[in-house]
Amino acid sequence: MSSEGDLLHTVTADDISDGRKRLGKAMVWGSATLVAVLALWQMAFETGRVAAGFDTWRPILYAYILWAIALCAAQVIVNGEKGKRTLFVLPAALFVISLVVFPLLFALYISFTDWNLASPNGPQPNGWDNMREMWNDGFYWNALKNMMYYVLAVSVEYVIAFGLALLLNAQIRARKFFRVVFLLPLMLSPVAVSWMIGKSMLEVRFGPISRVIREFGGEPSFFGTPEIARFMIMAMDAWTFIPFMMIMLLAGLQALPKEILEASRVDGASGWQSFKEVIFPLMLPVSVTAVVIRIIFKLKLADIIINVTSGGPGGATDSVTSFIFREYRDRSNVGYGTLLAMVYLVLIVIFITLLLKLVSRWMERPA
């Protein structure tokens, strides 16, 4: 009985004929060729190089679905039982491709067009004009420079979050209460924070904080000068997301082996020595994860800037995302805005890749 049970759960190699393999490959390559031909034909029609074409890109979508079905069927035809196991993953992968790759390809096409929503002509190819405009756009490069300040601010946020995590991990009174209180900013959306603090409490004319400053003879100017305005944006964004880093670091602290910490105390290590030699090295993986995720969030910073300063004064608080948003909303310049977004995406991929490589080498270095 046991041998029969083992045979029921054993996948044997299928005897696939050469003709069956050729049929499966022909299905895949034939449907893929159909997708490529229709896509190129439609692209030529959109650019005015051919007179006939489809009104929409929907036929290409149907051709892609046909190729996906042919690819899934070919896995079973060519690989037999092994191909059936592939079907547990392949449809999900094809769905992700349809949601990620196709929009990126469409955005790449839009990047090299002159498409203003106020124009009735739709997207008109303009070659490298958008690229040249970006190269001479001082406001875009200023936004990239501002992003350097915003990203560097993550180091300060990390220090504050680590300090709060250590505090909440210690045996203090009302520890659970303080954990809930420190997590409250994370429960608010950045839009709510920008209106609650930036547009209400810090409002120059009627804000309560501004009134208190005037009572003491001062003149409030939270967003009037570039340096102070940039700092206030950093402060509001940090107040919102420091709890996110804090909760990750707190979870890491609570997962540390108690035996190692007790051994360091028995050996006579001071609090600072225990932190420097034991806690911080053990927390490096969690710290790197928290910082990298926070940097990714920081690179998307836009909502607080849009609601509070709209990039002012003079672009001092602009992030790349907020600047691209205004290209879409205020100027309706879809083609140029999409090019800026694509370039920013490439810069983010390069930056995060280099950052992860540097961190990996740093963590693997000999002690």
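Helix H17 (residues 334-364) has 31 residues and spans 45 Å from its first C-alpha to its last, close to the 45 Å expected at 1.5 Å a residue, where the expected span is 1.5 Å times one less than the number of residues. The model is predicted, so that local features need pLDDT of at least 70 and side-chain atom pairs count only at pLDDT 80 or more, while totals for chains, interfaces and linings use all residues. Residues are numbered from 1 along each chain as its sequence is written, and side-chain values use heavy atoms, with hydrogens and water left out.

**Confidence**
- The mean pLDDT of the protein (the predictor's confidence in each residue, from 0 to 100) is 87, and 96% of its residues reach 70 or more.
- Among the elements of the protein, helix H1 (residues 2-8) has the lowest mean pLDDT, 49, whereas H7 has the highest, 94; helices (H or I, at least four residues) and strands (E, at least two) are DSSP runs numbered from the N terminus.

- The buried residues of H17 include Val 334, Tyr 336, Leu 340, Ile 352 and Val 359, with buried meaning under 20% relative accessible area, exposed over 50% and partly exposed in between (1.4 Å probe, protein chains only).
- Among the elements that cover these buried residues are helix H5 (90-111), strand E1 (113-114), H7 and helix H16 (320-329).
- At the start of H17, a side-chain oxygen of Asn 333 comes to within 3.4 Å of the backbone nitrogen of Tyr 336.

**Aromatic rings**
- The structure holds 16 aromatic pairs, that is, rings of Phe, Tyr and Trp (its six-membered ring) with centres within 6.5 Å, counted as stacked when the planes are under 30 degrees apart, edge-to-face when over 60 and tilted for the rest.
- The rings of Trp 135 and Trp 141 are edge-to-face because their planes lie at 85°, with centres 5.7 Å apart; Trp 135 is exposed at a relative accessible area of 61%, and Trp 141 is partly exposed at 35%.
- Tyr 158 and Phe 162 also form an edge-to-face pair, 5.6 Å centre to centre with 75° between the planes, and both residues are buried.
- Tyr 158 and Phe 162 are four residues apart in helix H7 (residues 138-169), and are therefore separated by about one helical turn.
- Ring pairs join Tyr 158 and Phe 162 with Trp 272, Phe 275 and Phe 280 in a cluster.

**Ser 274**
- Ser 274, found in helix H13 (residues 271-282), counts as buried because its relative accessibility is 11%.
- Leaving aside residues up to four places away in sequence, Ser 274 touches Ser 264, Ala 269 and Ile 279, contact meaning heavy atoms within 4.5 Å.

Definitions and conventions
Polar contact = N/O pair within 3.5 Å; in protein donor to acceptor, adjacent residues only side chain to side chain.
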